[in-house]
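Colleague: I am new to reading protein models. Could you walk me through a few features, one at a time?

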Amino acid sequence: MNRRHFLKMSSATAMAVAASTMDGLPGQAGLFRSAQAQEIKSFSTGSLGATEVTSVCEMCFWRCPIVVKVKEGKIIKIEGNPKSPVNGTRVCARGNSGVQLVYDPDRVKTPLKRVGARGEGKWAKISWDEAFGEIAHNMEKVKKKYGPHALAYFDHGASAEFMRGIFKAMGTENYTSEPAFFQCVGPAALAYLQTVGYVTTGTRQYNDMANSKAMLLVASHIGENVHVSHVREFIDGLQNGSKLVVVDPRYSAAANKADIYLPIRPGTDTALMLAWINYVIQNKLYDKEFVANKCDGFDALKKEVNGYSMEWAAKICDLKIEDMKAAIKELAKAAPNVNIHPGRHATWYGKGDTGRHQAYAILTALFGAVGVPGGIYFPTSVKTGKAECPEPEKTEVAETDISIKDETEYPFSSMFGTATRDLFHAMLTGKPYPVKLLGVNGVNIMQTLPNPYDTMKAINNLDFIFCEEMMAGETAIWSDIVLPDSVYLERYDGLYAYDGLTPYLTVRQPAIKPLHNVKSPYDIAKGLAKKLDIEGYSCKNEQEFLNEELKGAGLSLDALNKQGGLVTYKGNPYRDPKSLKLGTESGKVQLYVEAFDDEDLDAIPKFDPTPAPPKGFARLIYGRAPMHTFSRTMNNLWLNNEMPENKLWLNDKIAARLNIMDGEEIIMENQDGKRSNPIKVLVTPGIRPDSVFMYHGFGSKSKHLSRAYGRGAADGYMMTNVVADPFIGADSKRTNFVRIIKGDKTLNIPELAKVPSEIPRFKSKLA
Amino acid sequence: MPTHPFFFLSESFSYPESDTITAKSEALVLLAKDIGFQVPAAKEMIPQSFIDFQSEYVRLFINAADGIFAPPYASIYVNNAGILHQQGYDDALSFYAKAGMAPTESEESPDHIAHELAFLGLLLDADNEDILASFLTRHLCVWYPSFLQRLQDAQPYLFYSVLGQVTDLYLTHLHKEVIHE
């Protein structure tokens, strides 16, 4: 080739090349326009001089108020909003790493259509119009063929609300089956609602740890499950001298700070609680005035728990009786300023979960710790307006002869929506009617639900599945259409009204323009509504409805921003015990829940033991890692760097018996023969010998998450024995057992903690 | 009408909206031949179906099986940043501004390989050799080899393998040429 060939190229080849595309090549020159030539010496680094945009974090559902620092159109740094009474200038590791989420190359960048098998992850890029068209066509087709209830929505997080309106408008009863409820807090929410008349532990938790004189945490992951204000309140409590009792088979971050640590046998927490309740009653450690005036059912409770002695519980729970007594005395001494914390994730063993939380609520009431500093407190709602436009005009559930909610075995599930297990049962069996289309929003469907093997079967029975996602995770690879969601730093959402100790009002707002070809959740719902001829979503944009709603608080977006993006209000968390009136029918604490009795369920909790591990197996327990949220952050560059994989905590004595060294890679095999990805072992005395522990959310099976794929193991893939909570049908997650495969050898886990005869043993064909 | 092969290479690194794979393969063979590079016959580069060709593009450059093997953005490779909108992105914008150009509204980041190759074509059309030399030396030729390596590691369809190699050769030759001018 001649010199200067490129610099002056106009050869026949070039002309042939130019003619080779239908559009011609000038289109590529159109990627640029003329501008004033200018020298940019360097883009300045650091956050000094950055524009500050106040907003709300969504790296987890706790939603801390934040300030986003932006320079030259790029997000440089995220800090806490100094005006926030809950987190101040602080954000956690995940909050910081929102920067990385925005700029992650594995984000879903454009609408995608599946062109391979479900689960294969083979896609073509499509336009928004085509994506909306495909979804609308399939929604109408399924509705026509099977009826409106064949459509279902499965969602989590702030993005999900707008799309929920579409499903409501289509007439289905299956528009709320939130995993946040049926896979997490459901049993706790029901227990507190029925006992004290309000949900003290839902998205928010009204537990006044900071002002407590003693705290009880039962397998809580505070400090590992980091919500900034939550951890601050916990630490404030400890700094103020609050005594801490921690009950946990694992030596957790919270256990590390405990005055009394009780390494309980898993599955026996309710036995401990009932023995403590009995001890408090027998030794008259309860608040007599509060119980006499503000509680119903004390006599029945006293009679019911009478048989649960400390000696019995010590044997069942594998605890020292003197430690158990010391702990309950410490808690009683602090009454009424004592915090019996319900934890957060409540779906452990299925049949005992609601009862366990009922027991926490009962102990709270016996100590008179309701509406007082240090106990459970009352939310203070912030008055705002209500805009109609972010929703469809008509949202009526269609009448049906057979309803999942009526047919359910779980009498209290329909108070909260469609139980996940009922929905997936309908997808698997067509009973009581077929569910044939699923919309998924913000949920990793393979890791959120136990038994992903059944989930895969259920998905393969669907006529159509679509999802709205930020990252190309496991849900995306199973979906027929993938809609790319904007990251929370690129969009508005609804108002955020915090109703805790110091209430506040704030908004999420975009710090930068959306990257790629993504849309905000509101625009996605609006676009799909248009295709479906659903009237509503009439606001031009999110600002319009935010201003409408802020008007009710005497504010506007501009006015709020002039006040630092957040305004606080005076809280009203406590009540004079004399004038206390609760939301129950009688206005009093229900120590005996008649509504449960009406459904032939225990009105007062009983101890019904969950089976112990089969011989050769240990119980699999799991929890949250401080730098990760569920399974959604494992691909984040910064967070992946902090914790790229999970490890299996194995008791040191067991490890020595099995000749397993710290850091060695093994495979888990569960009671049904399901095997995990390889996972490294953490040898530690900080876990009981009858249990193993791992952080949840790792071991992604999505090859699309380049940093997360195959790193560590997924707990969900070991969960094939799932027990339903009889009250709401929530799914158990701690009813599975594993042994170890090392090389080509199967290693049975020796039993170092003897199982008492009162506790049955799980029957496994492999044991 | 701009006719530089860099516009063709830019277009080929963009998502294939219409089925021009046959013509593109033939053009790619011509370009390779012109530079003395032996490539398979054009017909061997044509995949079984156009949808396969589109899904291969998604797999390689958007979101695809085995992870996003070859994210086509300078930002990923410069300083080994691994994420978008970092130094490589800033550098690209600096060069565009210096040349009196600005990227038009697009769903793609301006440091996408298609943008950078089109920019090269515009610089050649404008005879802007100073910026051309510096753009190649300090930017595009710095990160392109890492991108090509990841592209080849992904075992792409033959068309994208050849496209990656031909682009590399054209960049290398042009780079040598402008350095020696």
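Predicted model: local features only at pLDDT ≥ 70, side-chain atom pairs only at ≥ 80, totals over all residues.

Colleague: Is strand S8 of chain A buried or exposed?

Modeller: Buried means under 20% relative accessible area, exposed over 50%, and partly exposed in between, with a 1.4 Å probe and protein chains only. Strands are DSSP runs of E with at least two residues, helices are runs of H or I with at least four, and both are numbered from the N terminus. Five of the five residues of S8(A), residues 214-218, are buried, so the strand is largely enclosed by the rest of the structure. Ala214(A), Leu216(A) and Val218(A) point one way, while Met215(A) and Leu217(A) point the other way.

Colleague: Which strands pair with S8(A)?

Modeller: Two strands pair if DSSP finds at least two bridges between them. S8(A) runs parallel to S9(A), residues 243-247, over five bridges, and Met215(A) has Leu244(A) as its bridge partner there. Four bridges join S8(A) to S12(A), residues 338-341, also in parallel; in S12(A), Asn339(A) stands opposite Met215(A).

Colleague: How many salt bridges are counted between domain 2 and domain 3 of chain A?

Modeller: A salt bridge is a side-chain nitrogen of Lys or Arg within 4 Å of a carboxyl oxygen of Asp or Glu. Domain bounds come from an automatic or database domain assignment, and here domain 2 covers 207-377 + 586-598 and domain 3 covers 618-747. The count between these two domains is one salt bridge. Asp318(A) forms a salt bridge with Arg688(A), with the closest N and O atoms 2.9 Å apart.

Colleague: What is the phi of Asp318(A), and where does this residue lie?

Modeller: Its phi is near 60°, a positive value in a residue other than glycine. Asp318(A) lies in the loop between helices H12 (310-317) and H13 of chain A, and is partly exposed at 36% relative accessible area.

Colleague: Where is a cis peptide bond found?

Modeller: One of them runs from Ala335(A) to Pro336(A), with omega near 5°. Pro336(A) sits in the loop between H13 (321-334) and S12 of chain A.

Terms used
Residues numbered from 1 in each chain as written. Chains lettered and ligands numbered in written order. Heavy atoms only, no water.
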